[in-house]
Amino acid sequence: MDSATRSDPDPSSSREADDGAEVFPAQLVLDNVRRMFEQDAAANGLAIRCVPTRLELHADPLVVMRIMANFASNAVKYTSGGRRLLIGCRRGANTVTLLVVDDGPGIPDQELPTLTENYVRGTSAQQTANGHGLGLGIVADLARRHGYRYTLRSRVGRGTAAGITVPRG
């Protein structure tokens with residue numbers, strides 16, 4: 001099997017009050033993530049494409065930015081051999097999923113469940129970039145604490161899609 005999916009457990013059972021939540025445009029996050037990583041992406045041979053949206057989020061903007069920045073940072077660091085990085089979002093009934101999608105080497109099935117553990121890195125990550133194996137653990141914790149849902153889908157040889165689903169504004 002050459003595809004894998006990792007998704008957080010149902011966050012509703014452990015959700016804390018999201019005191020920092022406010023309504024803001026999803027485009028603000030997408031544009032800022034693109035700006036933060038476009039030079040590093042270009043240096044690694046990646047072109048970043050940001051898909052425009054008019055959707056609004058009802059979430060903590062700092063938490064959403066931190067999570068999306070982690071996803072983009074991982075994509076830029078670990079997309080060896082890839083050419084494209086897509087940043088965009090999808091509308092759900094009452095939610096918005098913000099996504100970072102790359103066309104890199106992908107993550108093997110057996111590694112996905114362990115990547116949110118602290119100090120755990122995928123085998124190809126150990127060979128291609130510096131890091132400590134904390135980023136996705138932080139993402140999982142932030143998502144759980146704020147009642148958001150994160151997903152990590154990957155196909156070896158095709159790339160990885162990382163997403164965070166938050167309430168729509």
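L30 is buried, with a relative accessible area of 0%, where buried stands for under 20% relative accessible area, exposed for over 50% and partly exposed for what lies in between, with a 1.4 Å probe and protein chains only. The model is a predicted one, in which local features need pLDDT of at least 70 and side-chain atom pairs count only at pLDDT 80 or more, while totals for chains, interfaces and linings use all residues. Residues are numbered from 1 along each chain as its sequence is written, and side-chain values use heavy atoms, with hydrogens and water left out.

The protein chain holds 4 helices and 8 strands, and from the N terminus on these elements run β-β-α-β-β-α-β-β-α-α-β-β; helices (H or I, at least four residues) and strands (E, at least two) are DSSP runs, numbered from the N terminus. Of its 169 residues, 46% count as buried. Among contacts in the protein chain between residues at least 6 apart in sequence, 74% join residues at least 24 apart, contact being taken as heavy atoms within 4.5 Å.

L30 lies in helix α1, which covers residues 26-43. When residues up to four places away in sequence are not counted, L30 touches C50, V51, T53, M68, I87, G88, C89 and L98. C50 is 20 residues from L30 along the chain, and the C-alpha atoms of the two are separated by 6.6 Å. R35 also has its place in helix α1, but at 48% relative accessibility R35 counts as partly exposed, and its C-alpha atom is separated by 9.5 Å from that of I48, 13 residues apart along the chain.

T53, one of the residues that L30 touches, is placed in the loop between β3 (47-50) and β4 (56-59). Its side chain reaches the backbone nitrogen of L55 at 3.1 Å, and, leaving aside neighbours within four places in sequence, T53 is in contact with A26, Q27, L30 and C89.

The largest nonpolar core has 43 residues, of which V64, M68, F71, L98 and I164 touch the most other members; such a core is a set of buried Ala, Val, Leu, Ile, Met, Phe, Trp, Tyr and Cys residues joined through side-chain atoms within 4.5 Å. Helix α2 (residues 61-78) gives the largest share of this core, 10 residues. Leaving aside neighbours within four places in sequence, F71 is in contact with V100, L136, V139, Y150, A162, G163 and I164.

In the loop between α2 and β5 (84-91) sits T79, which is buried, with a relative accessible area of 4%. The side chain of T79 reaches the backbone oxygen of A75 at 2.4 Å, and a polar contact of 3.4 Å joins the side chains of T79 and D102. D102 is also among the residues that T79 touches when those up to four places away in sequence are not counted, together with L46, N74, D103, G104 and P105. A polar contact is a pair of N or O atoms within 3.5 Å; within protein, one must be able to donate a hydrogen and the other to accept it, and residues adjacent in sequence count only if both atoms are side-chain atoms.

The walk ends at a pocket. The lining of the second largest pocket consists of R90, V101, R153, S154, R155, R158, G159, T160 and A161, and the elements that give two or more residues to it are β7 (149-155) and β8 (159-167). A pocket is an open set of points on a 1 Å grid over the protein atoms alone, where a 1.4 Å probe fits, with protein on both sides within 12 Å along at least five of seven lines, and lining residues have an atom within 4 Å of a point.
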